[in-house]
Amino acid sequence: LAAQLCLGALGSDTGGSTRIPASLCGVVGLKPTFGRISLRGVMPLSWNLDHVGPMARCVRDVALLFQSIAGYDAEDPYSAPVQSEEVLARLEAGVRGWRVALAVDDFFTQADEQVCRAVKTAAEVFASLGAQVDEVHLPEGLEAARANGLMVVSDAAAVYRQPLQSNPEGFGKDVLQRLQSGAAYSAVEYALARHQQALWRRRLERLFEGVDVLLTPTTPIVAPFIEGPDAVEQARILTRFTSPFNLAGLPALSVPCGFSQEGLPIGLQLVARPWAEAKVLQAGFAYEQATEWHRRHPQW
């Protein structure tokens with residue numbers, strides 16, 4: 001997709017695996033509301049956190065793909081019977097008069113300085129487009145990310161319990177490590193994670209009573225080298241800002257918002273209330289039209 005070999009693609013997203021590659025490769029990726037797009041036929045990782053979303057090189061193409069695949073599927077027990085929005089009809093309406101929140105707490109600013117600077121500049125673009133931008137503190141994101149991480153590996157251990165017992169050597173080393181850690185969590189720990197999920201959802205419900213869209217970095221770092229820290233640790237770093245919104249099940253969009261000094265893409269994450277994919281796409285399109293980042297390509 002980033003190499004312009006195809007128009008669009010689909011990604012599965014349990015902790016950020018649509019938005020993270022979009023951010024690292026300089027394209028656009030959408031994680032919809034949980035239950036908006038059918039999971040039927042998708043290889044599961046977590047029944048409670050899996051999402052499917054479209055990826056493309058611009059917001060309009062993502063909106064087109066989303067409108068084509070969103071909708072209720074009675075054959076998917078996790079699909080929600082909620083009427084889909086006509087996202088293309090509102091795409092160009094702009095953000096004048098909107099209230100935009102910029103996450104500035106210690107959790108959502110725990111990122112590379114270049115990433116933080118690019119996201120702050122993106123917030124200034126929204127202000128120039130007529131939105132009111134206010135800073136917001138969401139320190140609860142740390143516990144949300146931890147709860148998501150626990151639930152992902154626990155659910156995965158349940159999904160793959162039979163091969164985990166009968167053929168553990170069939171898994172890659174890093175995958176086996178995650179599955180075994182998931183199987184080791186207690187029912188009490190899992191129940192506490194689900195309680196944290198409810199608390200985080202309520203916190204965000206209150207936030208979006210007065211906010212149209214929330215801005216955070218998509219990832220705290222730009223693309224790391226293949227030869228570097230182990231995969232488990234890299235996943236923990238890269239999912240820091242995306243996984244809390246898997247836990248909440250909210251729509252979240254990653255759009256390009258800059259490049260590092262090394263010429264690597266930086267992503268901006270836009271989040272909205274449940275079922276408001278039209279809002280994140282409208283905001284993403286307005287930002288995209290006011291900048292040139294989506295037209296640039298990584299130097300690597």
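Select helix α2, residues 59–69. Helices here are DSSP runs of H or I with at least four residues, strands are E runs of at least two, and both are numbered from the N terminus. The buried residues of α2 are Val59, Asp61, Val62, Ala63 and Phe66. Buried means under 20% relative accessible area, exposed means over 50%, and partly exposed is in between, with a 1.4 Å probe and protein chains only. An α-helix has 3.6 residues a turn, so residues three or four places apart point the same way.

This is a predicted model: local features need pLDDT of at least 70, side-chain atom pairs count only at pLDDT 80 or more, and totals for chains, interfaces and linings use all residues. Residues are numbered from 1 along each chain as its sequence is written, and side-chain values use heavy atoms, with hydrogens and water left out.

Now show what covers α2. The cover over its buried residues includes β2 (28–31), β3 (51–56), β7 (252–259) and α10 (277–290). Then step past the end of the helix. Glycine 71 follows α2, and its phi is positive, near 145°.

**Into the core**

Select leucine 281 next. Which residues does leucine 281 contact, leaving aside neighbours within four places in sequence? They are Leu30, Val59, Val62, Ala63, Phe66, Val87, Leu91 and Leu253. Contact means heavy atoms within 4.5 Å. Val59, Val62, Ala63 and Phe66 are among the buried residues of α2.

Leu281 also belongs to the largest nonpolar core, which has 44 residues. Such a core is a set of buried Ala, Val, Leu, Ile, Met, Phe, Trp, Tyr and Cys residues joined through side-chain atoms within 4.5 Å. Color Phe126, Leu253, Leu268, Leu270 and Leu281: these have the most contacts inside it. A second core of 27 residues is separate, and includes Leu138, Phe241, Phe245 and Val271.

**Along helix α3**

Move to helix α3, residues 113–128. Select glutamine 114, which sits in this helix. Is glutamine 114 buried or exposed? Its relative accessible area is 16%, so glutamine 114 is buried. Beyond its neighbours within four places in sequence, glutamine 114 contacts Ser260, Gln261, Glu262 and Ile266.

Draw a line from cysteine 116 to alanine 70. They are 46 residues apart in sequence and 32 Å apart in space, C-alpha to C-alpha.

**Strand β5**

Select glutamine 132, in strand β5 (residues 132–136). Glutamine 132 is partly exposed, because its relative accessibility is 42%. Leaving aside neighbours within four places in sequence, its contacts are Trp98, Arg99 and Val100. Valine 95 is 37 residues away along the chain, and its C-alpha is 9.3 Å from that of glutamine 132.

**Before β1**

Go to the segment before β1 (8–13), where glutamine 4 lies. Glutamine 4 is not a glycine, yet its phi is positive, about 65°. With a relative accessible area of 46%, glutamine 4 is partly exposed.

Leucine 7 is in the segment before β1 as well. Is leucine 7 buried or exposed? At 51% relative accessibility, leucine 7 counts as exposed. Its contacts, setting aside neighbours within four places in sequence, are Leu1, Ala56, Arg57 and Asp61. Asp61 is one of the buried residues of α2. Now look across to tryptophan 98. It is 91 residues from leucine 7 in sequence and 31 Å away in space, C-alpha to C-alpha.

Select tryptophan 275, in the loop between β8 (265–271) and α10. Its phi is near 70°, a positive value in a residue other than glycine. Tryptophan 275 counts as partly exposed, at 26% relative accessibility.

**Zoom out**

Show the whole protein as a cartoon. How many helices and strands are there in the protein? There are 10 helices and 8 strands. The C-alpha trace spans about 55 × 45 × 40 Å along its principal axes. Buried residues make up 51% of the 300 residues. Among contacts between residues at least 6 apart in sequence, 79% join residues at least 24 apart.
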